Amino acid sequence: MKLNSSGCRRKSMIKKSDFLLNQEIIFFNNGSYGACPKTVFNKYQEWQRIIEFQPVEFFQKTLLPELKRSRQAIGDFINCQPNDLILVRNATYATNIVIRSLDLKKGDEVLVTNHEYGACLNAWEFWKKEKGFKLKEIKIELPLPDTTEIIRRIKSCLNPKTKVIFFSHISSKTAQLFPAEEICKLARENNIISIIDGAHSIGQCPLNIKEIDPDFYFSNIHKWLFAPKGTAFLYTRKELQSKVKPLITGWGWGPERELPSGSDYIDSNQFYGTADLSSFLTVEVSINFYKENKIEDLKKNCHELVEYFCREADKITVKKTLYNHFPDCLMMAVIEVPTKYSVIELKELLYEKYRIEVPVIEWEGKLLIRISIQVFNTKDEVDYFLKVLKEIF
Ligand SMILES: Cc1ncc(COP(=O)(O)O)c(C=O)c1O
């Protein structure tokens, strides 16, 4: 691999100064909340000014056609019908809509893995108390076994009580890509509902809903696809849409509903009361940013930099790689580091002394650092981080 000092085989036209990020911090944490380019953010603020300029016209005439346009843009990007999608605030919100909507009861079982995101697990725990179903955790170690073994492991946990499998497409704590298509196929064969937490997927890994064929799939557009914070979608298989209950019931529900679209699923989920939904209207601009700047090509460089970082960091920390196979789409990864510091100590040290923003995570007794490389990160930054690791471990 030949990387120049900016970390790219082909010089990237994108710089950190194209984003609103603090330029004095080395930002290796795109994964948590994403980063929004100035051009997209300007459009977002433009929408906010349009709302304030004539709110009545905006809410009564402009909003719904614009939401439809955003759904169309996402549908085209991930290969699904725009009417199978609703725009939601974030992955946590989507998780709650889905769980609330499921007809789960005492005696039923829901499978999750030990790689799931805490807030989503909390939602499962909350609804478990309400509905009385059981949560069952499948343990999958790192490095992740191959797809055949993952499927075998999940299969061994199935029984007639299993009603749902919930898993991350790309996991948060461990930055692993799970075989979504194969897991959904197994779920279908066993009459189990598949729910995919794709919070990190759109903009990072290839995402083709038709090929994956899940029952429910959601993703944060604000993480890797450049939208402002609070922009996500929820896909629902057509046959299940009539079961989806809105978290907020308002003008989109009931016989007296406002401006019916012909789909209860869409109507009942897109009225939030008076709210600033400007971020939802920037989806097309975010996708255009991705396309016009050829992010698809630049991502290869990000991936190579992540791999380079992991390889070199493992030599410094004398820990084994946490990847048997490193999927060639990933723009984030975890390394294991010695437990010389607590999570808080290490995080503070990296941020306060070295100005590196990066998550430090505890998972299954291991101390992990998760690096994200977005298109604005450079090889010089990665080399600096490696130097810091040498100094502190
Ligand atoms: C895998 C995963 N699921 C869900 C979420 C929750 O996302 P949000 O806070 O946008 O709801 C995250 C956030 O980082 C995540 O990584």
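How many Å should the 23 residues of helix α12 (residues 295–317) span, and how far apart are its end C-alpha atoms? The views below begin with this helix. This is a predicted model, in which local features need pLDDT of at least 70 and side-chain atom pairs count only at pLDDT 80 or more, while totals for chains, interfaces and linings use all residues. Residues are numbered from 1 along each chain as its sequence is written.

**View 1. The span of helix α12.** At 1.5 Å a residue (times one less than the number of residues), α12 should span 33 Å, and its end C-alpha atoms are 32 Å apart, which agrees. Helices (H or I, at least four residues) and strands (E, at least two) are DSSP runs, numbered from the N terminus. Just after α12, Val 318 takes a positive phi of about 50 degrees.

**View 2. Buried residues of α12.** The buried residues of α12 pack against α11 (283–292), β9 (332–337), β12 (366–372) and α14 (379–392); contact requires C-beta atoms, placed from the backbone, within 7 Å.

**View 3. The open sheet of seven strands.** The strand order is β2-β8-β7-β6-β5-β3-β4, with mixed pairing; two strands pair if DSSP finds at least two bridges between them. At the edges, β2 (85–88) and β4 (134–138) each pair on one side only.

**View 4. Strands β5 and β6.** Five bridges join β5 (residues 162–168) to β6 (residues 193–197), and the two run parallel. Phe 166 has Ile 195 of β6 as its bridge partner.

Technical notes. Buried ≥ 20, exposed ≤ 12 C-beta atoms within 10 Å, placed from the backbone. Contact = placed C-beta atoms within 7 Å.
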